[in-house]
Structures are given as structure tokens and as C-alpha cells.
Amino acid sequence: MARIGVFICHCGENISATVDVKQVAAAAARIPGVAHSVEYKYMCSDPGQQLVKDAIREKGLTGVVVAACSPRMHEPTFRRACAETGLNPFLCEMANIREHCSWVHEKGDATTEKAIDIVRTLVAKVKKNKALQPIQVPVTKVALVIGGGIAGIQASLDIANAGHRVILVEREPSIGGHMSQLSETFPTLDCSQCILTPRMVEVAQHPNITLYSYAELESLDGFIGNFKARIRRKARSLDETLCTGCGLCTQKCPTRKIPGEFDAGLGLRPAIYVPFPQAVPNKPVIDREHCTYYRTGKCRLCEKICPTQAIRFDQLDEIVEVEVGAVVVATGFDIKHGDFFPEYGYGKYPDVIDGLQFERLASASGPTLGEIRRPSDGKVPETVVFVACAGSRDPAKGIEYCSKICCMYTAKHAMLYRHKVHGGKPYVFYMDIRAGGKMYEEFVRRAMEEDGVQYVRGRISRVFERDGKLVVKGADTLLGARPMEIEADLVVLATAAVAQPGAEELAQKLHVSYDAHRFFSEAHPKLRPVETNTAGIFLAGACQAPKDIPESVAQASGAAAKVAALFSRSELVREPLIAVVDRQPPPVYSSCVGCFLCQSACPYQAIEKEEIRGRDGQLIKTVARVNPGLCQGCGTCVAFCRTKSIDIQGFSHEQVHAEVLALLNRGERDA
Amino acid sequence: MNALREKARELLATKTVQVVIGYAPGSGGAARALFVREAAQAGELVFDETCLQNLAAYLMKPEVRRLGRAALVARPATLRTILQLAAENQLAESSLLALVPGADGVLSLSTFSAIEAHVAAQDNDLSAAEKSELEKFAAMGLDERREFWQEQFSRCLKCYACRAACPLCYCTRCTVECNQPQWIPVPAHDLGNLEWNVMRAMHLAGRCTNCGDCSRACPVGIPLYLLNQKLCSDVLSSFNQRSGMAARADHSLSTFKPDDPEDFIR
Ligand SMILES: Cc1cc2nc3c(=O)[nH]c(=O)nc-3n(C[C@H](O)[C@H](O)[C@H](O)COP(=O)(O)OP(=O)(O)OC[C@H]3O[C@@H](n4cnc5c(N)ncnc54)[C@H](O)[C@@H]3O)c2cc1C
Ligand code: SF4
Ligand code: SF4
Ligand code: SF4
């Protein structure tokens, strides 16, 4: 016979202000099977938990219902309390009379009635609860980090320094990401390469880090602690073990007029190239699309020149399979390019450029060796207009959000321009200045006050060419929307920061969710900012939302800490709230008919085929089986199974049915 | 007809199959199923417009399976059913052979790919009469539809003849037989009848191959095919998938494809 204890919490006044808790306790006491029913001000407090524990011991309770807040809040608290008395924790249920009742209704009889109904439902459920044992899964203590920008680099180093192996996968020939392209960095104006390169080298030399550059994730299967990743190492056309990085091939390659990605299209590179001198690894790749040999069948000059005979024209992509326990996604961001801004002449006039291109102009290693010269004729611009919020915060362009980094780097750009071109006239068109951050506001002030950058509040409407000048038309909204026209030599657009082009595809491979702008979604916007909704997969850097370097690094270290915590034990304990497929004694074995509709329905690939064989090895039938490590207990398969052969432990058909009946039959029962 | 009998005789004599499942004249002008296990008995087989039953239903019965490899006289819908059953992992390719009687003899299809090719070439659309019935039904307003079905279902006896006739109702334990808990009530009252019939229709969504046997089996004449066909046409328009076209196919309702339009979710 069931002996259920019901514990009703006032939650201070959160519940008791609208629900008559005394009445709920009295009603609960009348439900058949309830052996104990009390109310208390704070059930989650120590004395509150003690009430539960004492009652379990004294009244020999077989199940507990705590009528209080959401199970997401305190279910673990009360289950732990039950476990301390020896009662199986899964015999304890929460009846949510706060979020589902007191918070959303006015004070009154109906509200109290509803609270009683909720309690009644959970009492009916808990009577059918079964004792469950947690699931233990082994953990492979190797982390996969996808993306080798500053975020991926930081996460890799932190995890590696915690003593765990890391596999870092970078799509491009070198790690470094956007930070390697930057000239100097706000708010301190230290040289980006100078602070980044040592970290890149550390990655290359760290005994715990395996770097796969020029590689991409092909697929990821498995689950927390036990992922299987397939990595495609794209053919570099080079034997990396032989190449010494001497660079002779890149100097001799006759195909040299290819706009370089690293210089944001402003500089040229050969067909066999290292993206930048400090690249890690410092080994070239052949760009097969442009290489003369791949295009015409003739050349192979690099092969002749290479002192170690490292060139491999017939190299194929290679697939590497690795087992990892956790994944950190750090694939970064991109900025808007192309014909997104026809009104600004971006893509049409060579002297309308984006922020990354300006970084390359200002960089000592860039195509102009750090002199600000405009792309069209190499002239030093006398007037430069910087446009903040180019595309950002513009619902009409489909980007409602603030790109967050542009205000700051625009101030930086204007400053760098003034430092390099003393008589130059910089204008910044802005909507608002967002300089929230340590030393950020001071930095912008410095641009305005010390470096004489002219800030104009207003949007520009159009950029067009007139007599060799770029005419920028706008309005100064602080001066009563007075129309303005500036004749500029160079226009720099702080184009919106957007998700990586391959972000959606990658998210689908990883089974992580993403927002409407294809940035990856964190599990909770405040409390779980580095986790994804898929256990064991974490986020770092600008792949989650536009971020600057300090934030990217902080999040990367946060993700690394989560991975280290996960790897601190060799086994992982999981709640057993997972699906199981019916098994019975012969001759039935299972009510499953092996249609496997559940298999395609399962979003976590948790359903496998199991062959049931007789003693003689003869196949009796093929039925479904749920892999307890993979199943997330979502219940999708349950809804699909026509033979009702699948149950979620803790949410079985019997339990849910009992809850429904408790609601439907409430009149009869109480009468 | 003679060609069919000849073929059956040959298949049994050469032991290519152990049983030929076909039609013989039944009572009241209808045809019934005939299980021919001896070559000598093949002369009893008939094939004409009265032969409507979808014989694929027998392929799922354990007692029929035990007979050995079967040759099945197949109508267009029978072929679709075979493919659908294969897609649901219920049929082994080696366990059967489909006999399709035509104007110039009998076609014998022994592989799923041969059946697929034949199905792809045949007309799988609804007949003109069926289409106009469906349009009439689809034109009804929601309230009118509910009333229509409530009236129809009120006559249901819960005899489960529709289920027994349906080749895709092969579950060894049907939802209505699950009694712990009893989701679908047993008595033939209004609520129970509604739940049973809605459940039956939903379980066939994206699976039904439109043979029409459920409606023919129903002793009180409930037009069950209307529900199935409506669901089939909805699945076709939402997921661009027709059941029974391929022996390896993902179930349209349980499969997520990255290129699904998903317009109803986004
Ligand atoms: C013009 C400009 C100026 C800036 N100036 C400053 C500044 O002064 N100070 C500051 O703090 N911040 C600045 N930022 C911001 C800074 O660039 C970012 O904060 C930083 O780069 C984010 O690092 P990340 O590692 O998250 O992303 P990224 O730098 O974008 O790196 C992502 C890496 O992942 C790789 N990758 C992408 N997809 C895949 C895939 N599918 N598989 C494998 N690898 C993949 C990429 O190749 C790249 O190497 C500036 C940004 C811009 C655009
Ligand atoms: S849906 Fe049900 S009957 Fe079909 S394979 Fe899965 S568990 Fe078995
Ligand atoms: S409960 Fe969800 S995750 Fe688990 S097997 Fe079923 S569909 Fe897959
Ligand atoms: S055959 Fe007709 S009466 Fe019998 S259960 Fe089916 S719908 Fe009801």
C-alpha cells in the first residue's frame, strides 16, 4: 500500500499569497494513499528538508510529493534529501504550484483548487514511480576544439595545461583567426600579432595538443564523454613531415596575382602560399583552383625547387577518426561583404572598404606596410569617413542586433589614421556610441578629444563618386538633421558582424541549436552561457555572438573549465530518465515489431537494432533498443511507437495516464 | 487467367515458391483469397474485376510465413503495400515474388527494384470517383466535418475488421490492446469510437497505400478510406512523399531532413 507524503511550501509568500496552502494540505491529506500532509514556509530550507526526512523515517513513506516551485529549481534538492534517508530519489516528485499556479493566477478559490489538482496529479503519478538507478558512462578525456581563432587557441591551451589531450581543428591553412589580421587592438593599442603569435607557437609546441590545420569536421556521433569525430584533412598537396617551411616554393611560384584572403583582398599571393609570415603551422598549401599545374597540367615548378621533395600533387583528402569526450566550438564570425550596401557603393568603388581591409592597411605586415594608402591609386587619403553600424541595428536589412565591436574598432581606426597621417581629417558617422567595457569609454573620448576625430551623429544615406572624390551624403541629427556632404578620399564601413558562412551546416552536424542569425545558442542566456543544449558541447568566442578579444578569451577559459570539470572523473553519472524498449520473457521477447519508425524519429540517434536469437543462434526477431548513453529522454520515440513498446523511465505511460485520470476523475474521487 | 494458372503451376512444380496466394470465386459474387500449395490446384485461380482484396495482408501472418516462399497475385495497390512493408523492415526480399496479371500474360517480379520500377510506371493516383469524394470531404467546414465523422463513428462496432483487413496493421500488439494503461477505452461508446478511429487513421498517416480494404471490410459501411486518403494527400503536399513507392524509404513523419521546408515550424 502506498504511503505518500505531501509537503506544501509557502515559498515565503510567493505561493501562500495567492494559494490557501492550509486548504491544499487538508485536501491532500484526503487523497487515498496519502499518509502525511504538511505545509511550511520554506520547504527548501534546512528545517524544511528536515521535515521531509523526518516524515520519511517516522511514517515509512514510500513516495514524496513536494508542492513548491519548478522541478528545474529544487528537484535535485529534495531528491538528495530523500536519498539521505535511504528512499530512492526517483520516488520524489515536485508539484509545481508556483510557476504553474500562484505566480500566474489571482488570489482566489479557483487558484487554490488548481493547486490541489496539481498535487492530486503528482500523488497519482508518484504512486506509480519506480526506484531507478543512475546511469554511469565512461568519459574519454580528450577534447575536440573546432576553430583556431583566439577563442579556440585559448580553450586548447587551458585544457592542455590542465593535463588533457586536445585535438584542434582549423579550417584555414593557419590558426589565428581574425585576430591575426588585426593591426593594433583596442583599448590599449598593442600590436595584435605581438600578443597572438606567442600563443600560436605555444599551441604548435604543446605536447598535449594535436593540431589539424586545413581541416574540417566531417561528422560527429555519440554523446557526452563518448563522441566519435571524423575529421577531413584537406589535401595541402604537400608532405608536412618533409616540408621545413623554407618558403622557396612560395617565392618561385609564377602564379602570383591571386587576391589574398589574409589581406582581405587588398594584397596578392601566389598559388602555393603561407597565409602570413607568422602562420602556424608554417607550411604552405597549394590553392588548386588557381595553381597553373592543376589548371593546365603544366608547371610543377615548386616541385622542382623544393629542397626536401615535399610537394605532392596527387595528395588526396584524408579522413581521421578520433574519439573525444567533449567538444568546444570556437568557429568565430565573419563580417558582411559584397553587394549588401549598394547605397554605399561598397564593392563598386575600390576606395569604399570594410573594417578588416582597413586593419590590413594599418598593419605593418599588410600590403602597404602599414602606410594608409587607398586601394585605387595608392594615394594617402586626406579625408576619411568611417561609418559605424553599416548594416547593424538595421531591421530593414534583417540585422536587428548590435555588432558590439564596431564602435570600438572604428574609434581605433580613426585614431590609427590620425597617428599615421598627421594632417588627415577623420569623420565618424555613428548612431550611438557603445563603449561599455573597462577603459573603453576613455578610449573613445581620447579619439575625440586628443586625436581630433570628428564624430557626427547620423546615418549616411548615400556614397557616390564625383571628380575623383567620394561624396558622402548624410545628416547630422544633433544639429536638427542638418544635411551634410563630405568629400572623402576613403570610406571605411564597419560592416555588421555575422555568423560564419558554414555555421548552420556545422550546427546540424553537431546537433546544437542556433538563433535566427545562425549564431550558436547557449543553453541559458544568463546562467549557462558557455554550454549548448547538447551535453558535452561547449561554446567559445564570436561563434555565439559578436564579441571582442577579451570576451572571447574569457568565454574560452570558461568553456575550458567546463571541459576540465567533465574530465575530472573517469565516469559520468546521468539521470536514468531515458527511454527503454519493452522486453519480455519468451516466446514474446518484446512487443516491438521492429518497424524502426522510432529510429528515424530519434533526434539523438539513440535507437539501435538488436537481434534476438534463440539458443540455436536462429534469428527470432529484430527489435529496437535504446542506447542509454545517447538517449536524452525527449520522448519523441514514445509518441511514434504504435505498439506502445517504449517507455520513458520516470515518465512512463502508466505514470502519465495516472496523472491524466487523476484530473479527469477528480469529482468522483473527492465525493 | 490461363497464363496465371500456368505460371502458378510452373512455380509450384519447380518449387520456386511453396505457395501461390491468389483469388478464387467467393460467396455473393465476391472473390476470396486462395492459397495454392499443389500444382494441381492451380486451375482454381481466377483474376477479374471482383478480385479486389489486397493479398499482401497475408504476408504478415505467421502461419502464412511458415508455408515458405510465396508468390502473390498483385494489384497495383498490393505492389505499393509490398514496398511499404519492405521500407518498414517487415519483408525479406527473398520471401516473395509478385505476379502481376496483365493483358499480355503474367509479369513475375522477384526483386524489390523490379517492383519499384513497375510501381513507378503504373498509375498511383486516386481514381476520378475517389478524387471527387475527397474533394467533397475537403470542402466541408471543420464543424461539418466533425459532425460527419461523429455520425459515422457512432455506428462503429469496434469489431476491428478494418484492422484485420489492413496489411499495414501488422503490429502484434495494437495500441487498443495495451491495457496497462488502457489509453483507448474498450467499449464502443462515442468517445472510445472516436479515439480508436482517430488513432487508426494517424497510425496510417504517411504509410497507407490506398488499397481500400478497410472500407470494404467495415460491416457498417464507414468510409474509412476518406480519412486515409486525406492524410496521404496532406503528407504528399507537406513532405513530397508518397508511401509505397520505394523499398528503402524514410518514414515521412519521423524523418528530419535539413532541406525539409519546415514552413509550419519556422
Ligand atoms: C575590423 C575588426 C577589428 C577588430 N578589432 C578588435 C580590437 O581592436 N580589439 C578587440 O578586442 N577585438 C577586435 N575585433 C574583434 C575580434 O576580431 C574578435 O573578438 C575575435 O577575432 C574573436 O575570436 P574567435 O576566435 O571567436 O573568432 P575568429 O577570430 O573568427 O576565429 C575563428 C576561427 O575558426 C575557424 N573556423 C571557422 N569555421 C570553422 C570550421 N567549420 N571548422 C574549423 N575551423 C573553423 C576560422 O578559420 C578562424 O580561424 C575586431 C574585429 C574586426 C572585424
Ligand atoms: S516504433 Fe515501436 S514497434 Fe516500431 S521499432 Fe520502435 S519500438 Fe519497435
Ligand atoms: S526518448 Fe528521445 S532521445 Fe531517447 S530514444 Fe526516444 S527519441 Fe531518442
Ligand atoms: S471495421 Fe468499421 S465497425 Fe469495425 S472497427 Fe473498423 S470502423 Fe469500426
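**Briefing: ligand shells, domains and the chain interface**

14 residues surround ligand 4, and the closest are B:Cys156, B:Cys159, B:Tyr160, B:Cys162 and B:Cys218. A residue belongs to such a shell if one of its heavy atoms lies within 4 Å of the molecule. This is a predicted model: local features need pLDDT of at least 70, side-chain atom pairs count only at pLDDT 80 or more, and totals for chains, interfaces and linings use all residues. Residues are numbered from 1 along each chain as its sequence is written, chains are lettered from A and ligands numbered from 1 in the order in which they are written, and side-chain values use heavy atoms, with hydrogens and water left out.

**Ligand shells**

- The shell around ligand 4 divides into 12 nonpolar residues, one polar and one charged. Ala, Val, Leu, Ile, Met, Phe, Trp, Tyr, Cys and Pro count as nonpolar, Asp, Glu, Lys and Arg as charged, and the others, Gly among them, as polar.
- Helix H8 (161-165) and helix H9 (190-204) of chain B each supply at least two residues of the ligand 4 shell. Helices (H or I, at least four residues) and strands (E, at least two) are DSSP runs, numbered from the N terminus.
- Around ligand 2 lie A:Cys592, A:Val593, A:Gly594, A:Cys595, A:Phe596, A:Cys598, A:Ala624, A:Cys641, A:Thr643 and A:Ile646.
- That ligand 2 shell has eight nonpolar, two polar and no charged residues.

**Domains of chain B**

- Chain B is assigned domain 1 (2-120) and domain 2 (128-241). The bounds come from an automatic or database domain assignment.
- The centres of the two domains, taken over C-alpha atoms, are 26 Å apart.
- 14 residues of domain 1 of chain B are in contact with 12 residues of domain 2 of chain B. Contact means heavy atoms within 4.5 Å.
- About 1,000 Å² is buried between these domains, and carbon and sulfur atoms give 56% of it. Buried area is the accessible area (1.4 Å probe) that two parts lose on being put together, summed over both.
- B:Asn54, B:Gln84 and B:Glu88 supply 34% of the area that domain 1 of chain B buries against domain 2 of chain B, more than any other three residues.

**Interface between chains A and B**

- Chain B and chain A each bring 22 residues to the contact.
- The chains bury about 1,900 Å² between them, with 55% from carbon and sulfur atoms.
- On the chain B side, B:Arg173, B:Trp183 and B:Ser254 lose the most area to chain A, together 31% of what that side buries.

**Helix H13 of chain A**

- In helix H13 (residues 440-449) of chain A, the buried residues are A:Tyr440, A:Phe443, A:Val444 and A:Ala447. They sit on the same side of H13(A), because they cover an arc of only 95° around the axis. The arc is that of the directions from the helix axis to the C-beta atoms.
- An α-helix has 3.6 residues a turn, so residues three or four places apart point the same way.
- The buried residues of H13(A) pack against helix H12 (406-420), strand S23 (454-457) and helix H15 (549-566) of chain A.

**Backbone features**

- The peptide bond from A:Phe186 to A:Pro187 is cis, with omega near -5°. A:Pro187 is in the loop between strand S8 (184-185) and strand S9 (190-191) of chain A.
- The bond from B:Gln180 to B:Pro181 is also a cis peptide bond, with omega near 5°. B:Pro181 lies in the loop between H8 and H9 of chain B.
- A:Asp467 is not a glycine, yet has a positive phi of about 50°. A:Asp467 counts as exposed, at 75% relative accessibility. Buried means under 20% relative accessible area, exposed over 50%, partly exposed in between (1.4 Å probe, protein chains only).
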